[in-house]
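Biologist: Please show me the model, and then I will ask how its labels were assigned.

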Amino acid sequence: MSDIVLYVLVGLMFYQAYVTIRVARDKSYTSAQKRRHFLFIWLVPFIGAAMALADLAADKKSPDKDSVPQKPKGRG
């Protein structure tokens with residue numbers, strides 16, 4: 001039984017480390033936002049990492065303000 005608990009804890013640590021690296025490499029966050037994500041990931045195990053990963057995925061799906069095509073100005 002203790003081996004299973006150990007494997008789950010090690011797996012959880014690898015998952016949290018993976019999400020931490022993904023947040024650290026993301027260029028769309030400021031350093032303060034990254035620190036908040038890191039704290040949330042490690043202080044709220046699994047749920048914090050899952051929410052941070054979902055936030056990264058949602059951030060990638062939403063287009064930037066600069067990349068949204070503008071309607072051409074003209075008549076009508």
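**Labels and their grounds**

Modeller: Along the sequence the pattern reads α-α-α. The protein has three helices and zero strands. The model is a predicted one.

Biologist: How many aromatic pairs are there by this rule?

Modeller: The count is one aromatic pair. Its members are Y15 and F46, with ring centres 5.6 Å apart.

Biologist: Why is the pair of Y15 and F46 called tilted?

Modeller: Two values describe such a pair, the distance of the centres and the angle of the planes. Rings pair if their centres lie within 6.5 Å, and the centres of Y15 and F46 are 5.6 Å apart. Planes under 30 degrees apart would be stacked and those over 60 edge-to-face. The planes of Y15 and F46 stand at 35 degrees, so the pair is tilted.

Biologist: What makes this a link between distant parts of the chain?

Modeller: Y15 belongs to helix α1 (residues 2–25), while F46 is in the loop between α2 (31–43) and α3 (47–61). The two residues are 31 apart.

Biologist: Why does Y15 count as partly exposed?

Modeller: Buried requires under 20% relative accessible area, and exposed requires over 50%. Y15 has 23% relative accessibility, so Y15 counts as partly exposed.

Biologist: And why does F46 get the label partly exposed?

Modeller: F46 has 48% relative accessibility, so F46 counts as partly exposed. M51 gets this label because its relative accessibility is 49%; M51 lies in helix α3.

Biologist: Which residues form the nonpolar patch on the surface?

Modeller: The patch consists of F40, F46, I47 and M51, with about 400 Å² of accessible area together. Patch residues need over 30% relative accessible area; F46 is at 48% and M51 at 49%.

Biologist: Which residues make up the largest nonpolar core?

Modeller: That core has seven residues: V19, V23, Y29, I41, A49, A52 and L56. The elements giving two or more residues to the core are α1 and α3. Helix α3 supplies the largest share, three residues.

Biologist: What does Y29 touch, not counting residues up to four places away in sequence?

Modeller: Y29 touches V23, K34, H37, D55, L56 and D59. Among these, V23 and L56 are also listed in the core.

Biologist: How much of the protein is buried?

Modeller: Buried residues are 17% of the 76 residues. The protein exposes about 6,500 Å², and carbon and sulfur atoms supply 66% of that area.

Notes:
Residues are numbered from 1 along each chain as its sequence is written. This is a predicted model: local features need pLDDT of at least 70, side-chain atom pairs count only at pLDDT 80 or more; totals for chains, interfaces and linings use all residues. Side-chain values use heavy atoms; hydrogens and water are left out. Rings of Phe, Tyr and Trp (its six-membered ring) pair if their centres lie within 6.5 Å; planes under 30 degrees apart count as stacked, over 60 as edge-to-face and the rest as tilted. Helices (H or I, at least four residues) and strands (E, at least two) are DSSP runs, numbered from the N terminus. Buried means under 20% relative accessible area, exposed over 50%, partly exposed in between (1.4 Å probe, protein chains only). Patches are made of residues with over 30% relative accessible area and no salt bridge: like charges are joined within 9 Å, nonpolar side chains (Val, Leu, Ile, Met, Phe, Trp, Tyr) within 5 Å. Accessible areas come from the Shrake-Rupley method with a 1.4 Å probe; for residues, only the protein chains shown count as cover. A salt bridge is a side-chain nitrogen of Lys or Arg within 4 Å of a carboxyl oxygen of Asp or Glu. A nonpolar core is a set of buried Ala, Val, Leu, Ile, Met, Phe, Trp, Tyr and Cys residues joined through side-chain atoms within 4.5 Å. Contact means heavy atoms within 4.5 Å.
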